[in-house]
Structures are given as structure tokens and as C-alpha cells.
Amino acid sequence: MTTHAPRQTDWRAWQESWDRQQEWYLPDREERFRVMLDVTEALVGPRPRVLDLACGTGSISDRLLKRMPDAETVGADRDPALLAIARGTFEGDGRAQFVSLDLSDADWPRRLPDERPFDAVLTATALHWMRTEPLRTLYGQLAGLVREGGVFLNADHMPDESTPRLNAAMDAFDKARRQRAQEEGAVDWGGWWRQLAEDPALAGVARERFALFGNPAEVRHDHNNEEFQTAAWHAATLREVGFAEARTVWASPTDALVVALR
């Protein structure tokens, strides 16, 4: 299976369309990225070696390298279509490399380019797909990949079920916001994948992606709705598996950014 696509497409345009689609769901997406990079720079400096975990199209790597030109990044993901966009966007940039791997494989760290520890591992809007015990195992693996004094940051959906009325009100508000944006032409998850599959340069990797995960234009965009973990759980678990300190550094009504210091 290949994760490379022909070059005859506008990679930057696909990056930007991915950003717009993600912002339809996450209007505060850039804010969480800003805080993530603030914390990274504060703790490990402006020249970090970073693992962009479950990198998708390389959104974190893109912002990292624009803000910290002397940084290095390794992007890791399983999605061949999103990796194709990442590789196309960063082609010729020696600061960024991308690897295909499956986080459910026990030996996935061995697929990384080398055995050097990372200054930082960053991830966003990705690990909520994992159930509790596999995620606990993953966190233990990450503790072994981050150097002493290094950091792990996870920005993701971390609901708090102790406030049901607040949660219901914010859910209704957000659904109305998305509906208005869609009426104004915003593209949702399924629509974005339909557009990508129509690009001749990406049709092949789109088929690869659909064979692995299903076609998002045909399959409802559901998450793991049974085992969402709270921000408190993430912080406590990260301390349990070997990080020295962990806590929330940013939050919205539905999401949070948790940092763990090795």
C-alpha cells in the first residue's frame, strides 16, 4: 500500500480546506494551537524535536515550523490520504518527515525514524477515538518517548458530565452555529471527503483510506461515544504512567488541552 500521491494538485489549498472543515466543528481551533505552542516553547525552548502524533495533514507541524523555524517534526498517522497531503505540503522541507503507523500496534514506536527521545509530543483532536485502556497503554508508551524535562500535550474532546444543563445548552448552541455556517457554504466532514475523492491526484489514496476506515461521505461521522475521558482522568493517568506533572492548561465548554511534563 502506498501513502504517496501524484504531485499534480494544490497541496496548500487542501491544507487550507482541511482547516476550514475542522473549524466548522472547532471554532477555537487556532486558540488551542497557540496555547499548545506557547507551552511547548516555554518548557523546551524554540528548537524542539517534536512528534506530531496522529498528525493528519500536518496541521500542528505547519504551525510549529512557522512559529519555530529551527524546530524539527516527525508526523505519524495511519490515514494514507491525509499523509499524502502532509507529504505534499512539506515536500523538500528537511525539517519535517512523515511516517505511516498504526497506534493500535504494540510496537508502533519502532516505526519511528530513529530512537532519539523527543522534546515534545503534540496531538490534537485525534485520541478521542481510543477507548480507555488502549489510551492508558499509549500514554505509557509516550512516557518512554519523551526525554526527561520534555512534554506531552493533548488537545481533544474531554467532556465533563457533572454539568448536564450546561452541556445541553452548549450542544444546542453549537449545533445552531454549525447549521448557520453550513447554510453559508461551510463544508462538513463528509463533504470534504467527497471533494477530495474527486481530485484525480488524490483519488487513489482516497480509495486506500476508504478501504481502511470506510467512506466518510457514506458513513456517519461518529466518535467513540462510550468512553470519553475527562481532563482530570487524562492528567491523573499521565502521572500514573511516568510523567512528573500534568494538568489542564486550556479548556472550552467541551474540550481541553492537557500538558504532562516528563
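Buried means under 20% relative accessible area, exposed means over 50%, and partly exposed lies in between, with a 1.4 Å probe and protein chains only. The model is predicted: local features need pLDDT of at least 70, side-chain atom pairs count only at pLDDT 80 or more, and totals for chains, interfaces and linings use all residues. Residues are numbered from 1 along each chain as its sequence is written, and side-chain values use heavy atoms, with hydrogens and water left out.

**Exercise 1. Classify D114 and R116 by accessibility, and state how their side chains meet.**

Step 1. R116 has a relative accessible area of 43%, so R116 is partly exposed.
Step 2. D114, at 28%, is therefore also partly exposed.
Step 3. The two side chains form a salt bridge, with N to O at 3.2 Å. The rule for a salt bridge is a side-chain nitrogen of Lys or Arg within 4 Å of a carboxyl oxygen of Asp or Glu.
Step 4. Under this rule the count is 25 salt bridges.

**Exercise 2. Describe the salt bridges R20 with E23 and R177 with D174, and place each pair in its helix.**

Step 1. Helices (H or I, at least four residues) and strands (E, at least two) are DSSP runs, numbered from the N terminus.
Step 2. R20 and E23 are bridged at 2.9 Å, N to O. Both belong to helix α1 (residues 11-25) and are 3 residues apart, so about one helical turn separates them.
Step 3. With a relative accessible area of 45%, R20 is partly exposed; E23, at 22%, is partly exposed.
Step 4. R177 and D174 are bridged at 2.8 Å, N to O. Their helix is α6 (residues 164-183), where they sit 3 residues apart, about one turn.
Step 5. R177 has 16% relative accessibility and therefore counts as buried.

**Exercise 3. Locate R32 and list its contacts beyond its neighbours in sequence.**

Step 1. R32 is part of helix α2 (residues 29-44).
Step 2. Its relative accessibility is 1%, so R32 is buried.
Step 3. Contact means heavy atoms within 4.5 Å. With neighbours within four places in sequence left aside, R32 contacts L26, A155, W250, D255 and L257.

**Exercise 4. Locate L202 and give its C-alpha separation from P80.**

Step 1. L202 is found in the loop between α7 (189-197) and α8 (203-213).
Step 2. L202 has a relative accessible area of 0% and is therefore buried.
Step 3. P80 is 122 residues away along the chain, yet the C-alpha atoms of L202 and P80 are separated by 9.9 Å.

**Exercise 5. Compare the radius of gyration of the protein with the globule rule, then summarise the fold.**

Step 1. The radius is taken over C-alpha atoms, and the rule is 2.2 Å times the number of residues to the power 0.38.
Step 2. For 262 residues, a compact globule would have a radius of gyration near 18 Å; the protein has 18 Å, so the value agrees.
Step 3. Along the principal axes, the C-alpha atoms fill a box of roughly 50 × 50 × 35 Å.
Step 4. The protein has 9 helices and 7 strands, and 51% of its 262 residues count as buried.
Step 5. Among contacts with a separation of 6 or more, 73% come from residues 24 or more positions apart.
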